[in-house]
Amino acid sequence: MFLNDPRGCGCASRSGNMDCPNFGPFLAVDAACITPTQPATEGSIIPFSSGVTPVLLTSLLTGLIATPSLIGFGSAVPGVTLVGNTLDLSGVVTEAFTVPRTGSITGLSASFSATAVVTLVGSTTVTATIYRAPAGSTTYTATAATVNLAPAFTGLISLGDTAFGSGSFAPVPVTAGDKLVMVYSITTAGVAVAQVLTGTASAGITIQ
């Protein structure tokens, strides 16, 4: 076999006429024959975790959100006040972070594990949502980056009972200077009883 490639690809022992006496099978490729490729950029992953601070989530008699919790980077702030789909976090430890460059939130995964035994009536769903505030503001509004965790919690909840969800949504644009915070909440269906759920929370988002 004659190789006319001036680099002599495929034959470690090169003669003047590039005669390669090996006919294979070949188990390796000369490094000179490999064209370097650039890895695809998948964006930045931002992790969230409640750490040692329990997440305390409550719902109203109507089944709607009563008090959610903010999830940070190893800590959480329970008992914040939600008005509609906005949070006024003036004077509150927000657990928010500032976006360093313009991009889009393209993925969200979240989990919740119960740390207190409780009996729930009806079906209680945990939801994780990214709230956004523009630069210079402390008013955060819910974005489309949200996911409902499954399964829903019902009946006797034991220690370690877990729900998980991975969101599918259109890219959510963010601008450098925006502040983002992860908010966990619960809603209840099937009964007019206020519910309380306590546990640990962890999540991650992708910004491209």
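## Nonpolar cores

Which residues have the most contacts inside the largest nonpolar core? They are Ile105, Met182, Tyr184 and Ile205, in a core of 35 residues. Another core lies apart from it and has 11 residues, among them Leu70, Val77, Ala133 and Val181.

Isoleucine 205 has contacts beyond its neighbours within four places in sequence. Among them are Ile45, Phe48, Phe97, Ile105, Leu180 and Met182.

## Confidence

This is a predicted model. The mean pLDDT of the protein is 86, and 80% of its residues reach 70 or more. Over residues 1-6 the pLDDT is below 50, though the stretch has 15 contacts in the model beyond near neighbours in sequence. Where pLDDT is low, the predicted coordinates should not be read in detail.

## Aromatic pairs

The whole structure holds 4 aromatic pairs. Phenylalanine 73 and phenylalanine 97 form an edge-to-face pair, with ring centres 6.0 Å apart and planes at 70 degrees. Phenylalanine 73 sits in the loop between strands S4 and S5, and phenylalanine 97 in strand S8, so the pair ties together parts 24 residues apart in sequence. Phenylalanine 73 is partly exposed at 48%; phenylalanine 97 is buried at 14%.

Phenylalanine 112 and phenylalanine 153 are also edge-to-face, at 5.8 Å centre to centre and 75 degrees between the planes. Their strands are S9 and S12, so this pair joins parts 41 residues apart in sequence. Phenylalanine 112 is buried at 0% relative accessibility, and phenylalanine 153 is buried at 5%. Ring pairs also link Phe48, Phe73 and Phe97 into a cluster.

## Threonine 58

Threonine 58 lies in strand S2. Threonine 58 is buried, at 15% relative accessibility. Its side chain makes a polar contact with the side chain of threonine 67, at 2.5 Å.

Notes: Residues are numbered from 1 along each chain as its sequence is written. Side-chain values use heavy atoms; hydrogens and water are left out. Helices (H or I, at least four residues) and strands (E, at least two) are DSSP runs, numbered from the N terminus. Buried means under 20% relative accessible area, exposed over 50%, partly exposed in between (1.4 Å probe, protein chains only). A polar contact is a pair of N or O atoms within 3.5 Å; within protein, one must be able to donate a hydrogen and the other to accept it, and residues adjacent in sequence count only if both atoms are side-chain atoms. pLDDT is the predictor's confidence in each residue, from 0 to 100. Contact means heavy atoms within 4.5 Å. A nonpolar core is a set of buried Ala, Val, Leu, Ile, Met, Phe, Trp, Tyr and Cys residues joined through side-chain atoms within 4.5 Å. Rings of Phe, Tyr and Trp (its six-membered ring) pair if their centres lie within 6.5 Å; planes under 30 degrees apart count as stacked, over 60 as edge-to-face and the rest as tilted.
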